Amino acid sequence: MEAGDIEKAKQLYQQLKRFYTGLPNEYMQRKLSIEKHLIKLNKDLFNKIHESTAKETKHSAAQIISLMNKSGLAMKHNDFDQAETSYELAKQKFYSLPGGYYSEKRNLHQQLLTLFDTLVETRNSAYSNDFSEKTTRIETLLAQLRASVKVKNINGAVDAYKELKIIFSSLPPGFFQQK
């Protein structure tokens with residue numbers, strides 16, 4: 001057929017077809033037996049792959065849930081770096097799950113989204129409260145600094161200034177415009 005002799009290829013095909021149908025019954029029975037074995041093997045292989053994938057998915061889902069719990073616990077202790085790290089690891093593990101299992105994946109994905117929302121809200125709330133407390137302390141120290149300068153209390157002014165620097169440098173990230 002590579003040489004372009006289609007007619008010759010058709011004739012050869014017909015010959016093979018006649019030969020195949022002309023096989024004695026004993027060969028046909030062996031062929032059927034082989035086909036049955038192949039079908040069984042294919043079925044067993046599919047079941048093993050499905051079983052293995054199900055185990056892997058279940059194990060990975062448990063790891064994801066554990067990481068999400070770790071993130072939630074870190075949030076409760078205002079350890080937002082650890083909470084974010086655990087969340088990111090859970091998200092990476094989620095995206096490496098094997099194909100299929102859409103219901104389980106959808107459920108895990110929803111939990112990840114909820115965790116992310118909680119992480120953002122909790123972190124922003126904690127940082128906002130921290131910023132408010134430090135802003136109040138800064139205003140108090142500025143008043144002390146002005147009062148110390150007004151009465152020429154240099155040591156008091158220097159102490160207030162040093163504490164101001166420490167507090168100002170410890171303001172939470174994301175509040176640069178208010179700084």
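Is K134 buried or exposed? K134 is buried, at a relative accessible area of 19%. Buried means under 20% relative accessible area, exposed over 50%, and partly exposed in between (1.4 Å probe, protein chains only). The legends below place this residue in its setting.

This is a predicted model, in which local features need pLDDT of at least 70, side-chain atom pairs count only at pLDDT 80 or more, and totals for chains, interfaces and linings use all residues. Residues are numbered from 1 along each chain as its sequence is written, and side-chain values use heavy atoms, with hydrogens and water left out.

**View 1. The whole chain has 5 helices and 0 strands.** Helices (H or I, at least four residues) and strands (E, at least two) are DSSP runs, numbered from the N terminus. The order from the N terminus is α-α-α-α-α. The protein chain has 179 residues, and 22% of them count as buried. Its accessible surface is about 13900 Å², with 57% belonging to carbon and sulfur atoms. Accessible areas come from the Shrake-Rupley method with a 1.4 Å probe; for residues, only the protein chains shown count as cover. Contact means heavy atoms within 4.5 Å. Among contacts between residues at least 6 apart in sequence, 62% join residues at least 24 apart.

**View 2. D130 and K134 form a salt bridge.** A salt bridge is a side-chain nitrogen of Lys or Arg within 4 Å of a carboxyl oxygen of Asp or Glu. The closest N and O atoms of D130 and K134 are 3.5 Å apart. Both residues lie in helix α4, 4 residues apart, about one turn of the helix. D130 is partly exposed, at 24% relative accessibility. The whole structure holds 5 salt bridges.

**View 3. E84 and R123 meet in a salt bridge.** The N to O distance is 2.6 Å. This pair links distant parts of the chain: E84 sits in helix α3 (residues 80-95) and R123 in helix α4 (residues 102-150), 39 residues apart. E84 is partly exposed, with a relative accessible area of 34%. R123 is buried, with a relative accessible area of 18%. Side chains of opposite charge can pair when their charged atoms come close.

**View 4. R137 and E163 meet in a salt bridge.** Here N to O is 2.8 Å. The pair links distant parts of the chain, with R137 in helix α4 and E163 in helix α5 (residues 154-169), 26 residues apart. R137 is partly exposed, at a relative accessible area of 32%. E163 is partly exposed too, at 30%.

**View 5. S71 is buried in helix α2.** The helix spans residues 25-76. The relative accessibility of S71 is 0%. Neighbours within four places in sequence aside, S71 is in contact with A83, S86, Y87 and L115.

**View 6. The largest nonpolar core has 17 residues.** A nonpolar core is a set of buried Ala, Val, Leu, Ile, Met, Phe, Trp, Tyr and Cys residues joined through side-chain atoms within 4.5 Å. I64, M68 and L108 touch the most other members. Helices α2, α3 and α4 each give two or more residues to this core. The most come from α2, with 6 residues. L108 touches A61, I64, I65, M68, F94 and L97, not counting residues up to four places away in sequence. A second, separate core has 9 residues, among them F131, L145, L164 and L171.
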